[in-house]
Amino acid sequence: MVKVGYKNISEISGPLIFVEGISDAGYNEMVTIETPSGEIKSGQVLDTRNGLAIVQVFGSTSGLDSNNTTVRFRGETARIKVSDEVLGRIFNGLGEPIDNGPQLLSKESVEIVGDAINPYSREEPSEFIQTGISTIDGMNTLVRGQKLPIFSGSGLPHNVLASQIARQAKTLKTGESFAVVFGAMGITSEEANFFMNEFRKTGALSRAAIFMNLSSDPSMERIILPRVALTTAEYLAYEREYHVLVILTDMTNYCESLREISSAREEVPGRRGYPGYMYTDLSTIYERAGKIRGRNGSITQLPILTMPGDDITNPIPDLTGYITEGQIVMSRELQRKGVYPPVDVLPSLSRLMNQGIGKGRTREDHRGVADQLYSAYATGKDLRSLSAIVGEESLSSSDKSYLKFADNFENKYVAQKLDEDRTIEDTLEISYDLLSELPETEMKRLKKDFIQKYGKWK
């Protein structure tokens, strides 16, 4: 229900307008703004106190006049329509179709804020999701219901990796409905065209709902987009029993918009200018992943962020790491070597990996193989640094075998083609091929039974 219009605007500051004499405006309430020329814009209440409502305008505030602009408060928070028809469609950050298709005809609409999952009702993540990427499936396994971010840097191919995961990700159980919700924030037109072309030409669009916000679009839309995407995912997961993978890129652009709006509100800045409540704000996004007892669907999150200056201690990756269950770290060094995807497995981690692997899920030797690969690659990298100082000639034959292993690991295990979709069996097979180059006596993290059953030592 739209309330009476107000014209008592005291100030227009950047994307914000300040409306006085408002006694009943609600936090996050949606607003309709009519310019003097008759143009209709939308907005949202960011704050309300002492009769003053601070409204964030979705779009430019040019053309607004403090005397002749009319503001109407709708009496409801942001809502979107939801139905099965969202799959195969492309929307903007507000959930409006931008693919020249029809509007959603569903009568069902839900608030984008979403309800927090009761901790008691949460079911422990336990099922394996196969992405087809060996560095993820084999050593940093993604588990259904998990939130596992990708820490990248400017210029690294995280968008290419995101599109590859989106089209390849699957569950191993037959008969389960699987869907992808893809949300892109603050991307360029070139990146948007890349994503749309990738989804269309590979056929992945048929099981995906895509939400896009361009760098030229309003910053407030970037704040709303992940919530719109997750609300859609919650409907598909908990009402339609889909297992949904949510990919959000780039969370750094989201946080920059959060800082921009905080500055416009003249709030006291926190670390590096970001608002002090950024941790809480990010948690309202990340914590919407999970499984609920008694519901067949699930939501798994794969947020992507570019670390400013490749600094993993920056507030964005730092706070994200506190909330989520691990991280996949992309390496500029591997990219310079021509390795794709340039995932550095040593600083990467999946805290829920053990719950999604093993007998009945992947294979009984999975944990031991991953541990052995970590150990051998770490040893090889240490020896690579040492050989740069003392020379490779000074190394023992055993050391040289580890040095060779590190090179082969990067070129054969980490490196994949853009369209290469490896099964978990393929990944484990490659693992044994690489480990067989080392003496069998060095396999201290693999059980002898597994070595005899799967190993390639003579």
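Guide: Quick ground rule before we start: a residue is called buried when its relative accessible area is under 20%. Also, this is a predicted model.

Visitor: What kind of aromatic pair do F409 and Y413 form?

Guide: A stacked one, with 4.9 Å centre to centre and 15° between the planes.

Visitor: And why are F409 and Y413 separated by about one helical turn?

Guide: Because they sit 4 residues apart in helix α11, which covers residues 397–414.

Visitor: How many aromatic pairs does a search of the whole structure find?

Guide: The search turns up 9 aromatic pairs. Y6 and F73 make an edge-to-face pair, since their planes are at 80°, with the ring centres 5.8 Å apart.

Visitor: Which parts of the chain does that pair link?

Guide: Distant ones: Y6 is in strand β1 (residues 5–6) and F73 is in strand β7 (residues 70–77), 67 residues apart. Y6 and F73 are both buried.

Visitor: Which residues do ring pairs link into a cluster?

Guide: F182, F194, F195 and F199 are joined that way.

Visitor: Zooming out, how is the chain divided into domains?

Guide: Domain 1 is 5–76, domain 2 is 80–354 and domain 3 is 365–454. Taking C-alpha atoms, the centres of domain 1 and domain 3 are 61 Å apart.

Visitor: What does UniProt say about residues 9–75?

Guide: An unreviewed UniProt entry annotates that span as "domain: ATPase F1/V1/A1 complex alpha/beta subunit N-terminal". In the model, residues 9–75 are 0% helix and 55% strand, and the end C-alpha atoms lie 19 Å apart.

Visitor: Where does E29 sit?

Guide: E29 is in strand β4, residues 29–34. With a relative accessibility of 4%, E29 is under the 20% cut-off and therefore counts as buried.

Visitor: What lies 2.7 Å from a polar atom of the E29 side chain?

Guide: That would be the backbone nitrogen of G75.

Key
Residues are numbered from 1 along each chain as its sequence is written. This is a predicted model: local features need pLDDT of at least 70, side-chain atom pairs count only at pLDDT 80 or more; totals for chains, interfaces and linings use all residues. Side-chain values use heavy atoms; hydrogens and water are left out. Domain bounds come from an automatic or database domain assignment. Helices (H or I, at least four residues) and strands (E, at least two) are DSSP runs, numbered from the N terminus. Buried means under 20% relative accessible area, exposed over 50%, partly exposed in between (1.4 Å probe, protein chains only). A polar contact is a pair of N or O atoms within 3.5 Å; within protein, one must be able to donate a hydrogen and the other to accept it, and residues adjacent in sequence count only if both atoms are side-chain atoms. UniProt positions are given in the numbering used here, feature names are shortened, and annotations may be inferred rather than shown by experiment. Rings of Phe, Tyr and Trp (its six-membered ring) pair if their centres lie within 6.5 Å; planes under 30 degrees apart count as stacked, over 60 as edge-to-face and the rest as tilted.
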